Amino acid sequence: MTPTPLSNEPAAFLRIGGGRALRGQVAVAGAKNAALPMMAAGILGRGATWLEGVPELGDVEILGRVLQTLGVAVGREPDGRLRIEPDDRRAGQVRAGYELVRRMRASFCVLGPLLARRGRAEVALPGGCAIGDRPVDLHLAALAAMGATIEIEHGYVVASARRLVGTRVSMTGPRGPSVTGTANVLSAATLARGETTITGAAVEPEIVDLGRMLVAMGAKIDGLGTPTLRIEGVDTLSGITHRVIPDRIEAATLLLAAAITQGDVTVTGCVPEHIAAVLETLRAVGCKVEVYNEETGGTGVSPVENTFHGQDARATQAVRVSMSDRPRSIDIVAKPYPGVPTDVQAQWMALLALADGTSTIQDRVFPGRFMHVAELARLGARIEATDGRAVISGVDRLSGADVRATDLRAGAALVLAGLAAEGQTTVTGLEHLDRGYERLDSKLASLEAQIERVDSIA
Ligand code: UD1
């Protein structure tokens, strides 16, 4: 998906002076991929819902605009909470238009909530995007099985149902469970008549968090965090206040930035359990990884048992990663949770470009998600990608160059590579980066990176 710029201003870019080790402490923001389906689920409630910890991002802004076109008020409270308030008098507004949906695929998350609460939804087909073919067949098949009439008309999914009826549906396709598909069907099932069983459901922490929010609204859901969800439909849900979980992809990106610059960074406010596979892989390439309990009101952190498993999935902790050498080479396969996420696959590739030896990366979720390969090559990386597998021959140095972010996580990978490269790197295509990271450049600058945002190429 290539979003059009929100204005005609000259494109901003990042100027990075590479070769400096990152040092310090930085806090992680709320999870984009939890906040988006939760904002859409706000449609389901009677009255306002407040979400705490929603990051300030391009994607959040776009979904906010989609919701506004649906007669749902969206606004920030002075304390930072995001208020989502559906207006029943505007329940006839069920059309999520092409211009916004094509900019952000996750806009498709309004389909289930609209259908369940308003009996009808007209949502533009999101189409493909830069990271590959991304169908929505699983979303549609499940909602149809629940009694919705679904037509594709003039590029829109037009779905209607007086009331959805619970049944057994599967959310797993050839590449594993669909995350936003599970979000759509789980949200819709909360107001269906009878029991819905979702098999092959996504178990990502963002889905568990959405489920917790729906339960707080009055939904009856069993099995969160397992591939089988049982939802007993209720007649109404109410608005609530809910805190969004920390962003595990942002946390992983910042920790990989520490590793690639051979620095020493502590990321606070994250849930180590959610990034266990990333932390284990960081250790495998030679990083020192420590988990700390955050002291309330204290100035620092104190060491706790140095393990990631079996933690309370809601307890936030600090993770410190330090690295003093080139990474060792390794073979990585990006998989659905709890595997290494596809959303950090590109950042791993940046790190392994500098490894001592040959590494491989496969992406089981989006096998064609390798656009960053060509841009990393501009910085001197030696990577060959064929048939969904990248072979990375580690080099001992990268050299700064002008590169372009082709999608969100490719942008993050290029920033990381630029931080490690000798000399200056400029990264354009920031509209992608800003879609999913809350001021990544400021956070990196606070860790002593030499990075600045330049507002125009003039
Ligand atoms: C979500 C995340 C995205 C992440 C991805 C995989 C959000 C807003 N986005 O995207 O950051 O990269 O999960 O973790 O949460 N598929 C089908 N049929 C469908 C739907 C999906 O075959 O109806 C396939 C896709 O092509 C892909 C795989 O299933 O190969 C997983 O896609 P999916 O989990 O749906 O990705 P998103 O939910 O769009």
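Q: What is the origin of the model, and which conventions apply?
A: The model is predicted: local features need pLDDT of at least 70, side-chain atom pairs count only at pLDDT 80 or more, and totals for chains, interfaces and linings use all residues. Residues are numbered from 1 along each chain as its sequence is written, and side-chain values use heavy atoms, with hydrogens and water left out.

Q: Which residues are closest to the ligand?
A: Ser-178, Val-179, Thr-180, Asp-343 and Val-365 are the closest of the 20 residues that surround the ligand; near means that a heavy atom of the residue lies within 4 Å.

Q: Why is the ligand said to lie between domain 1 and domain 2?
A: Both domain 1 (13-29 + 246-454) and domain 2 (32-243) give residues to the shell, so the ligand lies between them. The domain bounds come from an automatic or database domain assignment.

Q: Which helix gives the most to the shell around the ligand?
A: α5 does, with three residues; helices are DSSP runs (H or I, at least four residues), numbered from the N terminus.

Q: Which residues of α5 are called buried?
A: Leu-138, His-139, Leu-140, Ala-142 and Leu-143 are; buried means under 20% relative accessible area (1.4 Å probe, protein chains only).

Conventions:
Helices (H or I, at least four residues) and strands (E, at least two) are DSSP runs, numbered from the N terminus. Buried means under 20% relative accessible area, exposed over 50%, partly exposed in between (1.4 Å probe, protein chains only).
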